[in-house]
Amino acid sequence: MSDRRIIVVGAAGRMGRMLIETIKGTDGVTLVGAIEREGSPFLGQDSGLLAGIGENGVLMTDDPLPIFVKAEAVIDFTSPESTMHYATLAAQSRIVHVVGTTGMGADDLKKLDAAARHAVIVRSGNMSLGVNLLAALVKRVAKTLGEDFDIEIVEMHHRMKVDAPSGTALLLGEAAADGRNISLDDEHSVRVRDGHTGIRKPGTIGFASLRGGTVVGDHSVTFAGPSERLVLSHIAENREIFARGAIRAALWGHGQKPGLYSMMDVLNLGDI
């Protein structure tokens, strides 16, 4: 079987470079495109050299159209605005779109839903196996424990991260909310505490965001009940775990029916 042809967008960024490096070391896939924003200082450079793996002959470009028509999947860890643009191109080209972009709003998600009528989209706030297994466990624990157990989610990332709570924290919050059969809306989600807040409202899910240093990603979910606490956590030590998961999602998506999927689908974790 021939290798699956993959595009990386945002190819000069931290995740883009890691994806290019990881694709190089993964059987069954090959890099056919490395796309950057218009005006990027990296345009025209060899993407392999930029990723530190030696020349690969795939040059950085800001013209995605000729590349999308010859690819089978695009992996996208960019910005909400860019992701919407690539979702349209992926839908037109009928290729798998793996979305690891965070910070998307309700309107962005509606647009992804529309694009998923024509293409396979795998979207997750975190692509790693460990985090998605953690989310499945969080859902099960939340379903098992009642409102006597308060749920608090704490995340820490490097100083350069621009959105909070992290996409992974929200993924875990959604899992907890699903377990309790509620929605993660303003009524049930507490994002900020400052000043005289009053007592904790029963049934809410709290979030705290820490930023500093070069932390790749630490997440913990605490279930605090009467006289006992259960803490589930995950520590990311290298961005390669996200790249490996994204590549796995791209391979899984080939041959699936158009639709919006998650890493839970890719990893078959729905029954945990």
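Helix H7 (residues 167–179) lies across strand E7 (150–157), strand E9 and strand E10 (217–225), and its direction makes an angle of about 165 degrees with E9. This arrangement, like the others described here, is taken from a predicted model.

The strands E7, E9 and E10 belong to an open sheet of five strands, in the order E8-E9-E7-E10-E11, with mixed pairing. Strand E8 (189–190) and strand E11 (228–236) are the edge strands; each has a single partner strand, so one side of each has no neighbour in the sheet. The pairing of E8 with E9 (residues 205–211) is parallel and consists of two bridges. Within this pairing, valine 190 has glycine 206 of E9 as its bridge partner.

In the loop between E7 and H7 lies proline 165, which is joined to alanine 164 by a cis peptide bond with omega of about -5 degrees. The loop between H7 and E8 holds asparagine 181, a residue other than glycine whose phi is positive, near 60 degrees. Most residues other than glycine have a negative phi, and most peptide bonds are trans. Asparagine 181 has a relative accessibility of 71% and therefore counts as exposed, the cut-off being over 50%. A positive phi, about 55 degrees, is also found at asparagine 268, again not a glycine. Asparagine 268 is placed in the segment after helix H9 (263–266). With 65% relative accessibility, asparagine 268 is likewise classed as exposed.

A further set of pairings involves strand E5 (residues 96–99). Strands of a sheet pair through backbone hydrogen bonds, either parallel or antiparallel. Strand E4 (residues 73–76) is parallel to E5, and four bridges connect the two. Aspartate 76 is located opposite valine 99 of E5 in this pairing. From E5 the chain passes through helix H5 (residues 106–115) to E6, in a β-α-β crossover that is right-handed.

Helix packing was examined for helix H1 (residues 14–24) and helix H8 (residues 240–253). Two packed helices are described by the angle between their axes and the distance between the axes. The axes of H1 and H8 come within 9 Å, with a crossing angle of roughly 65 degrees. The crossing of H1 and H8 is right-handed. H1 contributes Met15, Met18, Leu19, Thr22 and Ile23 to the contact, while H8 contributes Glu240, Phe242, Ala243, Arg244, Ala246 and Ile247. By residue class, the contact of H1 with H8 comprises eight nonpolar residues, one polar residue and two charged residues.

How values were computed:
Residues numbered from 1 in each chain as written. Predicted model: local features only at pLDDT ≥ 70, side-chain atom pairs only at ≥ 80, totals over all residues. Heavy atoms only, no water. Pairing = 2+ DSSP bridges. Right-handed = clockwise from strand over helix to strand, strands pointing away. Axes fitted to C-alpha atoms, helices over the stretch in contact; angles between N-to-C directions. Left-handed = near helix turned anticlockwise from the far one by under 90°. Contact = heavy atoms within 4.5 Å. Nonpolar A, V, L, I, M, F, W, Y, C, P; charged D, E, K, R; others polar. Buried < 20%, exposed > 50% of the residue type's maximum accessible area, 1.4 Å probe, protein only.
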